[in-house]
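Have the sequence and the 3D view open while you read.

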Amino acid sequence: MQFVCFHLMPWPYLPDDFEAKHESAWLTVPNSLYDPRRGHALYQQYLDELVAAEDLGFDVIGVNEHHQNAYGLMPSPNIMASALIQRTKRIKVLVLGNALPLYDHPQRVAEELAMLDVLSAGRLIAGMVVGLGVEAFSYEVNPTFVRERYREAHELIIRAWTEPGPFHFEGKHYDFRWVNVWPRPLQQPHPPIILPADSDEGLEIAASRRVPTGSAYRSSRRVRAVFDRYRELAGKHGWTPGPEHCHLVRHVYVAETNARAREEAEPHLDYFWQKLLSYHRGSMALMGQSAPPRPARIEKADDLPLYELDFDLCQREGLTIIGDPDYVVREIQAQARELGVGVLVGLFQFGSLPHPLAQKNIRLFGEKVLPSLKRG
Amino acid sequence: MSSKEETIRVAGKDVQLFSGGDGPPLLYFHGAGVYWWLPAHDRLAARRRVLVPVHPGFGRSPAREEIESMDDLVFHALDVLDALRLDRVDVVGLSLGGWLAAELAVRHPARIGRLVLVDAAGTRVPGVERPDLFLCPPPKARELLFADPTSALATSVVPDVPPPDRVETALRGREAAARLLWNPHVQYRKLTSRLGRVKAPTLIVWGAQDRLLPLPLGEAYQRGIAGSTLTLIEHCGHLPPLEQPERFADVVLKFLAG
C-alpha cells in the first residue's frame, strides 16, 4: 500500500459566526477575510508539514487546486509543487488539479507539468480534474461544455507529452496549430496520471484510459460502489484495475489515545465540514433549488450535505480515521481490504487544525502507524 | 381563445410550436424560463395569428448539440421562419427571446416587419450590473423577476421546489439557457454598436421594476435603434406578459396596428 500526505492548505481563521453571516466559503466569500501576512506564515507551516513527510516514510506528498475560496489556498498547485520539489529529494509529488476545463490554454498545463517533472527528476504524479460546479462561475466557464473541454484538454496534454512536435491539435474547444512543448516530461511515456471521479461519466473516462481513479468525502459503502463500478467499466475495456488504481481520500488523525485524538481533532473537523464545505448550500442554489429539509432521523452520511456531517457519523461511516495508532492501523487495513484500495490519500491537516497538532499527527503516523502498515 | 400545440419539422429537426388566433402572423420568441402558451398570448391572438416556437432544449423541443451560442440560435430562428413560410414577419421577443429578435433584426433586417423588444437581454452598459440568475435560490430569483415577489404568480412560475412532473423539463431548460446565456453573460459586447442596422419600426417595452435587467439596458436599445420608442409598464418586473398581461397586450397591439 502507498501513502500520500495530502494538503488542501485551508484558511483556518474564518470568524466563529461565519456561517451565520456568509452564504458560502466559496465564490462570494469576501477576500477581505484573507490576511496576506498571516497567509505568509501559514504557507511556511503547510509546506513544512508536507516536507516532514519525506523522512517519515510517506511515498507521496500532494497538493490541490481550487479557486476563490477559503477551503484551499492553492489556485495554482503547480507553484506549491515547485516549492516542494526544491525542499525534497526522493518523495513523489502529486498535483491533484489541474482543473483542465477552466483553462483556455491547456498547453500551459502540459508545459508546467513537464517543467515540474524535469525539475524533480521524474517525481511528478499528474492529477487531472474537472473542477467544481461553483468554479464555472469563478472562471466564467460555461458548465454545459465542461465535460467536453475536460476530455479534449486531457487528450491534448497526453499527445503533447508523447507525440513528436510540432503538430496540429484540432478540437472543438481547443484548436492549436502549434503544439510543441519544450521541455518534454522526463518520465516516459509520460508522468503517471490520476483521474478522480464520482460520476459514471468520470469513471468511464478513467476506465477507458486505464488510469487510476480516486474518491473523497464518501462513506465506505459509497466508495465501495464507486470502485466496483470503476472495476466493472474497466472490465468492459478489457483490463482489471488493481488496488494501486484505487485512491481513497480520508481525514486521518493519530494521537496517544482514542479520547485524546477526538478531543484534538473534532473542533477542526467541524470547521472543515461546517465552514469550508458550506459551498454545498450555494450549490443547491446553482441548481435552482432550495436545500432539502434535514431528515428527522439520520441513517447514513450519504443522505446529508457535507456541511451537516459530524464526528460520530464520519467515524462510523469511515469518512474519517481518527484514534490511537492501533485503531488507525486496523481501520486503514479494514478499509483497504473491503474497498480494494491501494493508495491512501490522507489529510493530516484539516480545517483549522493548528500547525503543532498537524506536525504531531504526521510524526505519530510516520512512527507508529506506517511501519505496521508497510509490514502488511 | 383556444390555442394549438403541435410539433413541426425545422431543418430536419422537431420543434414544439404553440399557435392561436387569426389575422396576420405574429412571431413570439420566449425567454429562458417561460416557454409555454400564456394568457397574454390569448390577448394578442384576438387580433393576430400568434406563433410561439419553442427554442431547442426548452419545453418539448429536443436539445440540439450544434446550438452553442446566440449566433447559432439566430440561424435556427431563420430556419423556423423558413419552415413557417414567413418571408417578413412582426416579431415580439421577451428577455432571451428579445435578444434573439434584436440579433435577427440586425443581421436580417428584411425578414422583420415590426419589432417589439420586451425586457430584452443583449445590451451591455458599463456600470450596470446584470445579476446572475443561475446563482439564485428561488426566493432571490422571484425578487429579481417580479415587481411583487410574494404573488401567487411568482411562486407558481418560480416554485421553491419544482413539482415532480416539471423537474426534468426545468433542468433541461436550465442547460439550454446556460448554453446561450452563461458566457458572454446575457449580452453581446458588439450588439449595441450594431443596432443602427435595425430598420424595423421598433417598440421597446420594459417593466418599471425589472431588477434582473435594469432599465438602462432598455434605454441602450432605444438610443441604438433610430426612431424607436420605449414604453414603461408600471407595477411590473422582468416579465410583463406574465405580470401585466392586459397592459402588455394593449401596448403591443396598439404599436403593431401602426
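This is a predicted model: local features need pLDDT of at least 70, side-chain atom pairs count only at pLDDT 80 or more; totals for chains, interfaces and linings use all residues.

Residues are numbered from 1 along each chain as its sequence is written, while chains are lettered from A and ligands numbered from 1 in the order in which they are written.

**Chain A overall**

- Chain A has 13 helices and 11 strands; helices (H or I, at least four residues) and strands (E, at least two) are DSSP runs, numbered from the N terminus.
- Its radius of gyration, taken over C-alpha atoms, is 20 Å, close to the 21 Å from the globule rule for 376 residues, so chain A is as compact as a globular protein of that length. That rule is 2.2 Å times the number of residues to the power 0.38.
- The C-alpha trace of chain A spans about 60 × 50 × 50 Å along its principal axes.
- Buried residues make up 47% of the 376 in chain A; buried means that 20 or more other C-beta atoms, placed from the backbone, lie within 10 Å of the residue's own.

**Two helices in chain A**

- The axes of helix H8 (residues 220-236) and helix H12 (residues 325-339) of chain A come within 9 Å and cross at roughly 35°. Axes are lines fitted to C-alpha atoms, for helices over the stretch in contact, and angles run from 0 to 180 degrees between N-to-C directions.
- From H8(A), A:Ser220, A:Val223, A:Arg224 and A:Phe227 meet A:Gln335, A:Glu338 and A:Leu339 of H12(A). Contact here means C-beta atoms, placed from the backbone, within 7 Å.

**Where the chains touch**

- Chain A puts 11 residues into the contact and chain B puts in 14 residues.

**The sheet in chain B**

- Eight strands of chain B make an open, mixed sheet in the order E1-E2-E4-E3-E5-E6-E7-E8; two strands pair if DSSP finds at least two bridges between them.
- At the edges sit strand E1 (3-10) and strand E8 (229-233) of chain B, each pairing on one side only.
- The twist from one strand to the next averages 25°.
- E1(B) pairs with strand E2 (residues 13-20) of chain B in the antiparallel sense over eight bridges, and B:Gly20 in E2(B) is the bridge partner of B:Ser3.
- Helix H2 (residues 70-83) of chain B lies across E1, E2, strand E4 (49-53) and strand E5 (89-94) of chain B, at about 110° to E1(B).

Methods. Two residues are in contact if their C-beta atoms, placed from the backbone, lie within 7 Å. A residue is buried if 20 or more other C-beta atoms lie within 10 Å of its own, exposed if 12 or fewer, and partly exposed in between; C-beta atoms are placed from the backbone.
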